[in-house]
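The stops below each begin with something to select.

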Amino acid sequence: MNAAAAQGGGRAPAAVAAFRLRILFRGVFLLLAVATIALAIVLLQDEKDRSYRDYHLSLSRTHADVLAKLRQPAGLLALLNPGPYRVPPLTPLVLPYATLDFQDQNSVHQLVDQAGCSVHYPDGSTLCAAVGGTEKAAGFLYLVGGFFAANLVGRDAAGEPNTAHRIVIRVESGKEQQSWVAPFEGLPGPDDILVRGRIAAFDTSEAAAAWQSHPVRDFRGGLWQSASCAGSGALPTCPRRVFYAMRVPVKSLRERGGARSRAAWPPDDLDRMHVHVAILGPGEGAPLFDSDAQGAQPPEALAEPVQSLKPGEALTVVRLDLPESNAIVLKGREPRAEPGSPWLLRLVSELPVASPSKRIVLRDTLVTPVGSYEVRLAGDASSIDSALGSVATRISWYVSAMLAAIVLAWLVIEVGLIRRITVLSRRAAALSRDARGGNRIGQLEVADLRGPDELGILAGGLADLLQRVKDDLEREEMRARREREMLEAVGHEILSPLQSLMVLFPDPGGPAYRYVQRMRQAVAALYGQASPREALQAAQLELEPLDLDEFLFHVASNAAFAGIEGVEYRRVGRVVVQADEFSLEDVVAHILRNADRHRVPGTPIAMALETRGKRAVVRIHNIGSSVDEALLDRMFEYGVRDADGDAEGAEPHARRGQGLFVARTYMSKMRGAVNARNEEGGVAFRLELPLAMGGA
């Protein structure tokens, strides 16, 4: 009766534990499903809030970037010339400067480069045709450029223009046309290489020979030729860069600029004015430069004033003294509509954000030589909601797949795994309690849990692994017991005759005394200890001053008595170290035996001694096979044997992997070190010991 009650009482807690496990798993999977949905919503909200903040910040940066570009001379040039610019024919641009100091080569060159108004031609020539930014410079056309030519030929005072290098200019504006020929007139300089001069123009609009009349009074220009060659050849006949700057008085521009107010400048029909420039050499040959040449590249600043507008953004630039209808409007590309679920789009639009405003307009005022402009950058963040809705639609498939995986995993665990896991866990816990209590490991009963599924394989594998561990433990205990018994028996058998040997060889100066003492020390270290490793590590050494040179000479002289022939050592004089003489002899003997096993028969084993700083270094080298690099350091560990360790006739310490371990242990206790390396056709062992005070 009591046994039945006890059995029923034992089943009740197990049933309650299994029921709690089911509740726990069901709650975990339900929480995991809810957390998956909540995580997706939180991520969407965080992404929306971050996208809105980034959009506001990006729009502010774009606005600042646009203003910075427009405030530069190149940006102002693009602002003052908003239309598409194509060549040929060449049309004047409106400069961002009031005027150009065409008589200062460096100044005008720098201003033109900063504005970026030059048209570039395939042969490397450039030309900027422009008018000033205010009506103060009305009536003048500025021509600034460069070309390549050999040494320039100037016009004499009475000579004809075609006898010198000359510039032919033609300006057409509606039905009006003006033309000039401007020959080069050289000025005296320090040498013939650096050429400079002025350009005097003659009006050729009429049929009369213009060069016979006076030059045009308001026409001004200068021309400078570089002193260095632009290509192959030698000075002064090689091609050189020629830079020119001219101010050309244009009748139609003067009439417009003088009669109209500031608001009317620049003229509305400036883009219909055509300019042609040709540069000719002496005679009637082909022109050195022609502004109508094909392949010309317009100024980069006019190609696209603003490159950084994003989808949905619009840049409006309007001159404050002109109607809104004259505003320049630049728009980013239209946002691409992506498909999305309607209810997900609505969910995204309802998610709260810190900055809910969608329509943003940033304004600023830009002052130019022509007038003041208002710059407005408008952005629409509503495209963010549609983009996030499309992303949410794509992500919803992954969320649905995760929820389906959660439900499937719950069904598999609920139907086929929870009960068996509970049983296996209970039995494993019992084994664990036995192991912690110091009892022997019992048997894991899994006969009812084995099966083809993962849990059945796991249960069977655990049982087999546990049995393997038990078998290995038993074998290890048996091997350790046999080894301990063998060591005790050997130590006991050696100790008795060793006492007799100590009596037979009591003289410290005799050759056998040293070996008897070493045997006594080894037996004292090993006999009665738990293991050879522990015995060696627990051994206490007595460090005393030792003449290492005398010691090595003695070892080399007596090596033959230990069965090691051919040990060579050359004395170097007194070197005193702190060491235990018998332990150090054990170290050297183990290394000599190792070298003897691996040397080429008949070759010597060389020992050498030297001092380095405060340490003495002993080098033991044999000629023979090298040691695997991966084994050079590991061979000093206990139990690591070489390839000959299992060979018939090998010594016991070689079979056990103990000799080099003894060497490193004793060297460490003497505050020294031992290592090995492959060198000179064999292996060299290095022993390092600290010198005693006044040892060298």
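Buried means under 20% relative accessible area, exposed means over 50%, and partly exposed covers what lies in between. The coordinates belong to a predicted model.

**Stop 1: the disulfides**

Select Cys229 and Cys238. A disulfide joins these two residues, with an S to S distance of 1.9 Å. The angle about the S-S bond is -80°, and the link is left-handed. Is each end buried or partly exposed? Cys229 has a relative accessibility of 29%, so this residue counts as partly exposed. Cys238, at 2%, is buried.

Next, select Cys117 and Cys128. Their sulfur atoms are 2.0 Å apart and form a disulfide. This link is left-handed as well, with -110° about the S-S bond. What does the pair tie together? Cys117 sits in the loop between helix H3 (105-115) and strand E2 (119-120), and Cys128 sits in strand E3 (residues 126-131), so the bond connects parts that are 11 residues apart in sequence. Cys117 is buried at a relative accessible area of 1%, and Cys128 is buried at 2%.

A search of the whole structure finds two disulfides. With the bonded cysteines numbered in sequence order, the pairing reads 1-2, 3-4.

**Stop 2: two cis peptide bonds**

Select Val87, Pro88 and Pro89. The peptide bond from Val87 to Pro88 is cis, with omega near -20°. The bond that joins Pro88 and Pro89 is also cis, and its omega is about -5°. Where are the two prolines? Pro88 is in the loop between H2 and E1, and Pro89 lies in that loop too.

**Stop 3: the second largest pocket**

Select Leu80, Asn81, Pro82, Pro267 and Asp268 to centre the view on the second largest pocket. This pocket has a volume of about 740 Å³. Of its 29 lining residues, those five are the closest to its centre. Which elements supply at least two residues each to the lining? They include helix H2 (73-80), strand E1 (93-94) and strand E13 (314-319). Colour the lining by residue class: 20 residues are nonpolar, five are polar and four are charged.

**Stop 4: the nonpolar cores**

Select Leu143, Ile169, Met246 and Val248. These residues have the most contacts inside the largest nonpolar core, which has 83 residues. Helix H1 (residues 2-71) gives the most to this core, with seven residues. In soluble globular proteins, nonpolar side chains tend to be buried together.

Keep Val248 selected and show its neighbours. Leaving aside residues up to four places away in sequence, Val248 touches Gly139, Phe140, Leu141, Leu143, Ile169, Trp180 and Phe219.

Now select Leu541, Met635, Ala663 and Leu691. They belong to a second, separate core, which has 43 residues.

**Stop 5: Val348 and its contacts**

Select Val348, which lies in helix H5 (residues 342-350). With a relative accessibility of 1%, Val348 counts as buried. What else touches Val348? Setting aside residues up to four places away in sequence, Val348 touches Leu44, Lys48, Asp385, Leu388, Gly389 and Ala392.

**Stop 6: positive phi outside glycine**

Select Arg671. This residue has a positive phi of about 60° although it is not a glycine. Arg671 lies in the loop between helix H14 (659-669) and strand E22 (673-679). Its relative accessible area is 51%, so Arg671 is exposed.

Move along to Glu680, in the loop between E22 and strand E23 (682-690). Glu680 is not a glycine either, and its phi is positive at about 55°. Is Glu680 buried or exposed? Its relative accessible area is 59%, so Glu680 is exposed.

How values were computed: Residues are numbered from 1 along each chain as its sequence is written. This is a predicted model: local features need pLDDT of at least 70, side-chain atom pairs count only at pLDDT 80 or more; totals for chains, interfaces and linings use all residues. Side-chain values use heavy atoms; hydrogens and water are left out. A disulfide is a pair of cysteine sulfur atoms within 2.5 Å. Helices (H or I, at least four residues) and strands (E, at least two) are DSSP runs, numbered from the N terminus. Buried means under 20% relative accessible area, exposed over 50%, partly exposed in between (1.4 Å probe, protein chains only). On a 1 Å grid over the protein atoms alone, a cavity is a set of points where a 1.4 Å probe fits but cannot get out, and a pocket is an open set with protein on both sides within 12 Å along at least five of seven lines; lining residues have an atom within 4 Å of a point. Grid points are joined across faces, edges and corners, and a volume is the space filled by probe spheres set on the points. Ala, Val, Leu, Ile, Met, Phe, Trp, Tyr, Cys and Pro count as nonpolar, Asp, Glu, Lys and Arg as charged, and the others, Gly among them, as polar. A nonpolar core is a set of buried Ala, Val, Leu, Ile, Met, Phe, Trp, Tyr and Cys residues joined through side-chain atoms within 4.5 Å. Contact means heavy atoms within 4.5 Å.
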